[in-house]
Amino acid sequence: MATRHPSIASKAAKAAKAARVAKAARRAAEGPGPLAPADPSKTFSDPRDLLIKPVVSEKSYALLDEGKYTFIVAPGANKTQIKQAVETVFSVKVTGVNTINRQGKRKRTRTGYGKRADTKRAIVTLAEGDRIDIFGGPTS
């Protein structure tokens with residue numbers, strides 16, 4: 001493998017860096033395009049896009065007595081967005097949100113190994129007296 005002469009390599013590196021800096025300055029001056037959102041990872045057009053589904057498990061049912069509800073949420077959602085989505089969709093007052101990023105389990109198949117999808121879960125605490133009837137029937 002041929003090696004470059006040090007003076008040639010440094011000139012090429014300097015030219016490439018100058019081009020990157022000029023491009024970054026040009027983009028900063030122009031701002032985002034007219035059709036581009038401010039930050040696509042932070043925007044959800046509908047709150048129902050953020051809340052994927054409730055978690056139905058023995059542990060989540062045990063939390064219902066404490067006024068805590070568990071949901072699988074979009075991976076890019078933050079706690080503030082989750083709180084606003086739950087308040088909008090279910091018309092309740094949220095006092096706290098805890099989030100958990102769960103790794104998908106590694107599963108063995110006939111052809112080799114695979115992995116279930118990673119999920120993000122949110123445990124939402126409601127104000128005293130508020131309820132969500134997503135599981136049907138009164139809580140015990």
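Predicted model: local features only at pLDDT ≥ 70, side-chain atom pairs only at ≥ 80, totals over all residues.

Author: Two strands are said to pair if DSSP finds at least two bridges between them. Strand β4 covers residues 106-109 and strand β5 covers residues 112-115; the two run antiparallel and are joined by four bridges. One of the residues with a partner is Arg106, whose bridge partner in β5 is Lys115.

Tyr113 lies in strand β5. Tyr113 counts as exposed because its relative accessibility is 55%, and the cut-off for exposed is over 50%. Leaving aside neighbours within four places in sequence, Tyr113 is in contact with Arg106, Lys107 and Arg108.

Elsewhere in the chain is the largest nonpolar core, which has 18 residues. The members that touch the most other members are Leu51, Phe71, Ile82, Val86, Val124, Leu126 and Ile132. At least two residues of this core come from each of β2 (68-73), α4 (79-90), β3 (94-102) and β6 (119-126). Ile132, not counting residues up to four places away in sequence, touches Tyr69, Phe71, Val86, Phe90, Val92 and Leu126.

The loop between α4 and β3 contains Ser91. The phi of Ser91 is near 55°, a positive value in a residue other than glycine. Most residues other than glycine have a negative phi. Ser91 has 65% relative accessibility and therefore counts as exposed.

Technical notes. Residues numbered from 1 in each chain as written. Heavy atoms only, no water. Core = buried A, V, L, I, M, F, W, Y, C linked by side-chain atoms within 4.5 Å. Buried < 20%, exposed > 50% of the residue type's maximum accessible area, 1.4 Å probe, protein only. Contact = heavy atoms within 4.5 Å.
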